[in-house]
Amino acid sequence: MDIQKPLEGVRVLELANYVAAPAAGRLLTDWGAEVIRAETFSGDVWRFYCANCSCPATEEENPGFDMFNANKKDILLNTKTPEGLEVLFRLLDTADVFITNTRYKSLIKIGLDYDTLKKRYPRLIYALVSGYGMYGPDADKPGYDGVAFFSRSGLLADTAEPSGYPTCPPGTFGDCTTGTTLFGAICAALLARERTGYGDMVEVSLFGTATWLSGFLSTCAQERYGEIYPKERKVMHPISTFYRCRDGEWLQLAIMEAERYFRPLCTVLEIPEVAEDPRFSSTSLILKNRSSLIPILEEAFSKFDCDEMCRRLASVDIVFDRLRHYREVTKDPQAIANQYVREINYSNGNTAMAVMTPIRSHNIGDMPYHRAPLMGEHTDRILKDLGYSDTEITELKKAGAVKQHS
């Protein structure tokens, strides 16, 4: 039996670039929505960015761009011309959702702000991504995930050892999280529209998403509670921290019940006498005497290779994992089994592992994956769907309002 996807029949207009907003559009396509990218003639900068990261960024193979734009359609549109802006409004006439990360002041200037559009399109879901939110002194400040997500939220300054350089922010991490958050908001707004008949404006920011993700830490760091960040090694929780093995690889322990698991840990580390030490007989005492326990555990871990230590910890059901490397993820059998990554073929004959979106539906099954659209690949088709004749399309091209991929 064919299963209809929940968002089939939903049309999304995406006037956005880079990653955060397009990531939301990518998720929407997985669940059945038709997503049309309105792109400038010069193209989204992200189309070309992966060439800076040892990855191809060509029409035949562009995995970094595909990740956030697979399954979409694309029209090249110049909204600085009256004709191009009119095409955009014709697209909005047919749209259920409008996604953008354009600065709001610019949207107001061309009549694409929410207050203006909701009068013409009362059922439209208006989805906005910003760097720092719509209000406050930095509302108009530009921001990428490295600054608005990682730097502003405390994630960089307070997750590295205070003695060294800040952690290098992992690229697109904040964008993906923000886009996934927006996807949920859009789906909720669509559900509300089914009940009320009215659209809504939903907005997320990189800074706001990061504030939510790091909320437990920033809550504890308030003056009234006094938790200190960044954490030095000597003050970390001895049985919920990192240890280096003999071969240089690192493991992370995550023992939440010391009374249950500390003795088995000492057994597999071949230091049973430490489990009998009264200084470590409870969680509170382990924390009180952490500066004494950490060096003991460091020395014990250093006597085993990582693979051997993994087997030992697993044998006593301790929660842990090895600190994996990015290069390992696309080979990870767990990722492959769950289709978190999938092998794809490019038109140039190359194959590679592509990262999929993380949400699964047992009714739908495997999510589709078609490469991202080329610049203006669907311009003519989209215009014809809007009712433009061949003559009118030719005139739009002459006016510099639209462009078709050649």
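Reader: In this predicted model, what joins the side chains of R47 and D74?

Author: The side chains of R47 and D74 are joined by a polar contact of 3.4 Å. R47 and D74 also belong to a network of salt bridges, whose other members are E14, R37, E39, D44 and K72.

Reader: Where does R47 lie, and is R47 buried or exposed?

Author: R47 lies in helix α2, which covers residues 46–49. To read burial, one compares the relative accessible area with a cut-off, and a residue under 20% counts as buried. For R47 the value is 7%, so R47 is buried.

Reader: Leaving aside neighbours within four places in sequence, which residues is R47 in contact with?

Author: Once those neighbours are set aside, the contacts of R47 are E39, A57, N62, F65, D74, P373, L374 and M375.

Reader: Which of the categories, buried, partly exposed or exposed, does E34 fall into, and which does R11 fall into?

Author: E34 has a relative accessibility of 23% and counts as partly exposed, whereas R11, at 14%, counts as buried.

Reader: Which residue forms a salt bridge with E298?

Author: The partner of E298 is R233, and the closest N and O atoms of the two are 3.0 Å apart. Because E298 lies in helix α14 (residues 290–301) while R233 lies in the loop between α10 (215–220) and β7 (242–244), the pair ties together parts that are 65 residues apart in sequence. E298 is partly exposed, with a relative accessible area of 34%, and R233 is buried at 18% relative accessibility.

Reader: How should I read the pair R260 and E257, whose side chains meet in a salt bridge?

Author: Here the distance from N to O is 3.9 Å, and the pair still qualifies because the cut-off is 4 Å. As for accessibility, R260 counts as exposed at 52%, while E257 counts as partly exposed at 41%.

How values were computed: Residues numbered from 1 in each chain as written. Predicted model: local features only at pLDDT ≥ 70, side-chain atom pairs only at ≥ 80, totals over all residues. Heavy atoms only, no water. Buried < 20%, exposed > 50% of the residue type's maximum accessible area, 1.4 Å probe, protein only. Helix = DSSP H or I, 4+ residues; strand = E, 2+ residues; numbered from the N terminus. Polar contact = N/O pair within 3.5 Å; in protein donor to acceptor, adjacent residues only side chain to side chain. Contact = heavy atoms within 4.5 Å.
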